[in-house]
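Here are my notes on the model, as numbered points. Please read them with the coordinates open.

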There are 2 protein chains.
Amino acid sequence: MILTVTLNTALDVTYRVPRLAPNSVNRVESVHQRAGGKGVNVARVLRTVGQDALVTGFAGGPTGAALRADLDAAGVPHDLVAINGDTRRTVTVVSDSGTTVLNEPGPSIADAEWTDFLATYSKLAQDADIVVLSGSLPPGLPRDAYAQLITKAGVPTILDTAGDPLLAALPARPHLIKPNIDELIDATKLTDPFDAAAALRAAGAQTVVASLGPAGLLAVTGDGTWRAAPPQALPGNPTGAGDACVAALAAGLMAGTPWPVLVREAVALSAAAVLSSVAGDVDIRTFGRLLEGMHAHADR
Amino acid sequence: MILTVTLNTALDVTYRVPRLAPNSVNRVESVHQRAGGKGVNVARVLRTVGQDALVTGFAGGPTGAALRADLDAAGVPHDLVAINGDTRRTVTVVSDSGTTVLNEPGPSIADAEWTDFLATYSKLAQDADIVVLSGSLPPGLPRDAYAQLITKAGVPTILDTAGDPLLAALPARPHLIKPNIDELIDATKLTDPFDAAAALRAAGAQTVVASLGPAGLLAVTGDGTWRAAPPQALPGNPTGAGDACVAALAAGLMAGTPWPVLVREAVALSAAAVLSSVAGDVDIRTFGRLLEGMHAHADR
């Protein structure tokens, strides 16, 4: 079982408008909402590709209740720790001219709630083969929250976060981190992805898989370096591509898939997510088609 | 007691952002929410000026529960009819460069829920001196919903709506309607406010009080026509000014205030709402100061 941890869960709300008119009143045509947060999306993709996944994190208030209800409806197993605050929402306004996202900051997590979470997490991690840690930290958590979770996991961990929460986690030696190119540069102040990945490995990450957008993936591991890229640039929704990539990496690590195959699978599953309109969904036929036509190659 | 009816209640959510960047990800700095809908705002203003007011309408789902809880916290009495759907939200994004509003359409009201409402309304109207009917109709209601409520009220009614729900209500002879200048032109296709008010009176409205923005109010009544305007254009938040105007008209009609005084009070209370940052709030000192310096005059 793969345990996905989302400390900053959200109810993702999508508003469809014909055109977003700033500084005006906009009539929303349709409203859709579903459980979100990066680890929730990872778990959805894992289940789509036939993997057993369990969601944990925090949920509270009426928005937290709506999040739990949506996971139940989608058949995604979850064990979320109750908090006093109301779970945050994200509002994504989709129009013909583009997509505008408004991210609420989310409730502050109390010390006792974090202690509760650590107890639940330690129990759940005992049944996990891999732990995936995804996303930003909500207000109130210690900056080394991810380091604590990596240390307590007892199994390999995949960490997908950025900035200070990423840097503070590296001394705990996560098995794999998956920064995108912006996060890689931001964390290291180095513009060359090879140099940046090497710096993050020196700081504690055992493996760095960097997502380079249309240029695909760069995997810098203890056994060598591999690259793979999609056969062509894919138009679509990049939200959720990173989460699909993490899902592929988690499934591949669990199966012991060799790196040259695994980087191709991760690129193909990311691309299949880009072609889907909703984060957490993947087009499984696209995945198969892309995987056929792609080669990974060793690098440097 | 003044009964305010809000068929399309909403939980009004305000997001503060430094700058709204369309087609980008925006980090929301702060989130505030409160019970909204035009009749809810009217009731808040009535209570601020010392009038007894009761809120009715529809509320359902977790958002409806949050709306009820906020009315409780604000000490605004309410008797809302439960619906199966989730009450809608409005999202107002406030930045230094302007205010962008996103209005959800709201849940559809089932026939049985409308029947429930008519029963509750008939009971509540028996204790009311005046009934105020405010805002748009939610999906699912008959187009003559306001006509039905005017007929059943048994006491004078003030109607503040626009478009087809306004036109369909006129044959039931509302005591007073309060269109703004755009709504006046839209309903009559006449650009002269005097002609347009006369046309709406001919169609059934006993009194037309038209809000003309910075040009103040035009009251066309069976006893004559009056105008009053604020002493100067007031910068601020026009949201809620119409609801404050309706509150003043309801309180004045109940007290039997003569029209030359009442139009001044309505202009002053609207202006006091413009100077407040939140719909439903009024600055009572501004109200007093403006009332002092203003004169109404008979017109045409």
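**Notes on the model**

1. Start with a strand pair inside chain A. In E4(A), His32(A) is the bridge partner of Thr14(A). Strand E2 (residues 10-16) of chain A runs antiparallel to strand E4 (residues 30-36) of chain A, and seven bridges join them. Strands here are DSSP runs of at least two residues (E), helices are runs of at least four (H or I), and both are numbered from the N terminus. Two strands count as paired if DSSP finds at least two bridges between them.

2. A word on conventions. This is a predicted model; local features need pLDDT of at least 70, side-chain atom pairs count only at pLDDT 80 or more, and totals for chains, interfaces and linings use all residues. Residues are numbered from 1 along each chain as its sequence is written, chains are lettered from A and ligands numbered from 1 in the order written, and side-chain values use heavy atoms, with hydrogens and water left out.

3. E2(A) has a further partner. Seven bridges join E2(A) to E7(A), and this pair runs parallel. Within it, Leu11(A) has Arg89(A) of E7(A) as its bridge partner. Strands of a sheet pair through backbone hydrogen bonds, either parallel or antiparallel.

4. Overall form of chain A. The secondary structure comes to ten helices and 15 strands. The radius of gyration is 19 Å, close to the 19 Å that the globule rule gives for 300 residues, so chain A is as compact as a globular protein of that length. That radius is taken over C-alpha atoms, and the rule is 2.2 Å times the number of residues to the power 0.38. The C-alpha trace of chain A spans about 55 × 45 × 40 Å along its principal axes.

5. The interface. In chain A, 26 residues are in contact with 26 residues of chain B, contact being heavy atoms within 4.5 Å. About 2,100 Å² is buried between the two chains, and carbon and sulfur atoms give 57% of it. Buried area is the accessible area (1.4 Å probe) that two parts lose on being put together, summed over both. On the chain A side, Tyr15(A), Asn23(A) and Leu102(A) lose the most area to chain B, together 24% of what that side buries.

6. Polar terms at the interface. Between chain A and chain B, 16 residue pairs are in polar contact, both residues at pLDDT 80 or more. A polar contact is a pair of N or O atoms within 3.5 Å; within protein, one must be able to donate a hydrogen and the other to accept it, and residues adjacent in sequence count only if both atoms are side-chain atoms. How many salt bridges cross the interface of chain A and chain B? The rule finds zero. It asks for a side-chain nitrogen of Lys or Arg within 4 Å of a carboxyl oxygen of Asp or Glu.

7. Strand E3 (25-27), strand E7 (88-95) and strand E8 (98-103) of chain A each supply at least two residues of the side that touches chain B. E8(A) gives the most to that side, with six residues.

8. Pairing between chains. E3(A) pairs with strand E8 (residues 98-103) of chain B in the parallel sense, over three bridges. Val25(A) stands opposite Val101(B), and Arg27(A) has Asn103(B) as its bridge partner. Val101(B) also stands opposite Thr92(B). Strand E7 (residues 88-95) of chain B and E8(B) run antiparallel, joined by six bridges. These two strands form a hairpin with two residues between them.

9. Gly98(A) deserves a look. Gly98(A) lies in strand E8 of chain A. Leaving out residues up to four places away in sequence, Gly98(A) touches Val93(A) and Asn23(B).

10. Salt bridges elsewhere. The whole structure has 15 salt bridges over all chains. In one of them, the side chains of Asp160(A) and Lys38(A) meet at 3.6 Å, N to O. Asp160(A) lies in strand E10 (residues 157-160) and Lys38(A) in helix H1 (residues 38-48) of chain A, so the pair ties together parts that are 122 residues apart in sequence.

11. The sheet in chain B. Ten strands form an open sheet with mixed pairing, in the order E6-E5-E1-E9-E10-E11-E12-E13-E14-E15. Strand E6 (78-83) and strand E15 (297-298) of chain B stand at the edges, each with a single partner strand, so one side of each is left without a neighbour in the sheet.
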